Amino acid sequence: MLLLGFVFYTEASKNPVWKKFYKYIPALLICYLLPAILSTFGIISDHYSSAYFVSSRYLLPAALILMTLSIDLKAVFNLGPKALIMFFAGTVGIIIGGPLAILLISFVSPDLVGGIGPDAVWRGLSTIAGSWIGGGANQAAMLEIFDYNQDKYGAMVLVDIVVANLWMAILLLGIGKTQKIDKWLKADNSAIERLKERVSDFTAKIKRNPTLTELMIILALAFGGVALAHFGASTVTDYLGQFDIVKNDDGALSFLGSSFFWMITIATAFGIMLSYTKAKNYEGAGASKIGSIFIYILVVSIGMKMDLTEVWKNPGLLVIGLVWMTFHAGLLILIAKLIRAPFFFLAVGSQANVGGAASAPIVASAFHPSLTSVGVLLAVFGYVVGTYGAILCTILMELASPVS
């Protein structure tokens, strides 16, 4: 909270130095990098804190409820097919990027992408594919399906975290230059602007100074929904856990056994349900602002998990990850240019794959709080296609590997 207070104070400062700084560097990126720097120097540590667990399991679902409270679902669907096209472009970019990275690097250093049996690099990379298309549940499924040497698994997790976070930082940097990027893409972002306008108009119409009672009710709705989401998630996973296809980590539907998946899904559904009631008027008392606070707390807790010195510990594997992510980014940019998709769809379509339900709402809300729900809906979709996409990617990586 001290870091967030510092960033928001300096961003609002009239000091010309800070004004110039934040003109080029988004505040959200600084909220992400500052805890990473402090963690790197051992001043704060994820190992001695439950900040990420609390913010991802309690504050994130609360934020999703508060930020979908005033959602105009019809207007979201009116955004058209470009959001889905960009999401699938991101998925395809991961699926073909893995084998292409292996092929490319095998010409330079075949040992780096080789290995036999459980030590084969392609088996380890399958876990990254699972994470980058779906999420944690899909990543665990790939570890089981392809039987990678678990002693070496930590290095793959490191590549996953470092490369994914680096790419997220680049996307956040791009948000400050959205208009320039959209102009270069020749994108038509009128549907996005209309949605933002409708939400802003609705908020302006019902805006008021919140009373203590209203703030209490907003938090009651949020955390009552979180309790419901946790109860529902445990009930559903307990029931589905009796089915082999869900119970086995190598099952194609293993993601249905993830309580995090159900928690996010139920919290989002609860928020959407409230948007059809008078509860949506609590947006005027600052519901989405409280949701934004929770999202920012999640951002700094994610940053705290990052140790920047780890970047240099596995340079070879990191090169594979960076080349892989370059193919993903390249395909997204190409498709966005061809269909004239706004940068918003590129960034959120990518994060719905690579970052999942924890990162997609962060990136979406950085454009505008009213767009958070788009990130959530796409991220949930990522869980569904994650296992299938990762299996296909791994088969292609095995074929591309110099030693099977």
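Helix H17 is largely enclosed by the rest of the structure, because 12 of its 12 residues are buried. Buried here means under 20% relative accessible area, with exposed over 50% and partly exposed in between (1.4 Å probe, protein chains only). The model is predicted: local features need pLDDT of at least 70, side-chain atom pairs count only at pLDDT 80 or more, and totals for chains, interfaces and linings use all residues. Residues are numbered from 1 along each chain as its sequence is written, and side-chain values use heavy atoms, without hydrogens or water.

H17 covers residues 343-354. Its buried residues include Phe-343, Phe-344 and Phe-345, and also Gln-351 and Asn-353. From first C-alpha to last, H17 reaches 16 Å, close to the 16 Å expected at 1.5 Å a residue (1.5 Å times one less than the number of residues). Just after H17, Gly-356 takes a positive phi of about 75 degrees.

The protein chain contains 19 helices and 0 strands. These are DSSP runs numbered from the N terminus (helices H or I, at least four residues; strands E, at least two). The C-alpha atoms fill a box of roughly 65 × 55 × 45 Å along the principal axes.

Across the protein chain, 52% of the 404 residues are buried. Among contacts (heavy atoms within 4.5 Å) with a separation of 6 or more, 84% join residues 24 or more positions apart.
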